[in-house]
Amino acid sequence: MSQFFQIHPDNPQLRLIKQAVQIIDGGGIVAVPTDSCYALVCHLDDKEAVTRLRRIRGVDEKHHLTLLCRDLSEIALYAKVDNRQYRMLKAATPGPYTMILEATKEVPRRLSHPSRKTIGLRVPENKIAHALLEELRQPLLATTLILPDDEEPITDPEIIRERLEKQIDLIIDGGPCSLTPTTVIDMTEDVPELIRQGRGDVSLFGL
């Protein structure tokens, strides 16, 4: 049975944030609010937790998982970023964007795209997610909370509890989130490519 924390969306309680990070450090899967949809997250370096995350989400190893990062400097640790990309990233972060970039060696091989060696990264504009990242001091591995037979994300923490309390370790109730996922931009080529239109304005990338 999962735990259920009600955390204030504007002033996250540090005591609960610390407890949530302990659960993540212990191999837990956590439902977390973001600036787009709720996400399922786990520890970057926990292979067993990553396997559980994919199984709950119903995706295989070819599906891009995303690194939630604290800031641009953390993105630059896990992805190769040139000056042109940096300027666009600076304009778009924090915000509802997922950027696909070439992965550095800091990214475990099992997490990067098997044929392209790319990784999806984002800096969420959500105080609960940011507080978790600050306390953890490294990125979280994340995927949008859409269950295998669903067409839309679950945005109500009570419904998440109803459907997932026997499969995940913690649900963070930070209030309802958007139904619209992030905008996904592939930045691996000279001209950015729109992969998925979501909440983010693509004009920041010249699209």
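View 1. Contact here means heavy atoms within 4.5 Å, and helices (H or I, at least four residues) and strands (E, at least two) are DSSP runs numbered from the N terminus. This is a predicted model, in which local features need pLDDT of at least 70, side-chain atom pairs count only at pLDDT 80 or more, and totals for chains, interfaces and linings use all residues. Residues are numbered from 1 along each chain as its sequence is written, and side-chain values use heavy atoms, with hydrogens and water left out.

**View 2. The start of H4.** Have a look at Asp82: one of its side-chain oxygens comes to within 3.2 Å of the backbone nitrogen of Arg84.

**View 3. The largest pocket, about 390 Å³ in volume.** A pocket is an open set of points on a 1 Å grid over the protein atoms alone, where a 1.4 Å probe fits, with protein on both sides within 12 Å along at least five of seven lines; lining residues have an atom within 4 Å of a point. Of its 23 lining residues, His64, Thr66, Thr98, Thr144 and Arg196 are the closest to the centre. Strand S7 gives the most to this lining, with three residues.

Methods: A polar contact is a pair of N or O atoms within 3.5 Å; within protein, one must be able to donate a hydrogen and the other to accept it, and residues adjacent in sequence count only if both atoms are side-chain atoms. Grid points are joined across faces, edges and corners, and a volume is the space filled by probe spheres set on the points.
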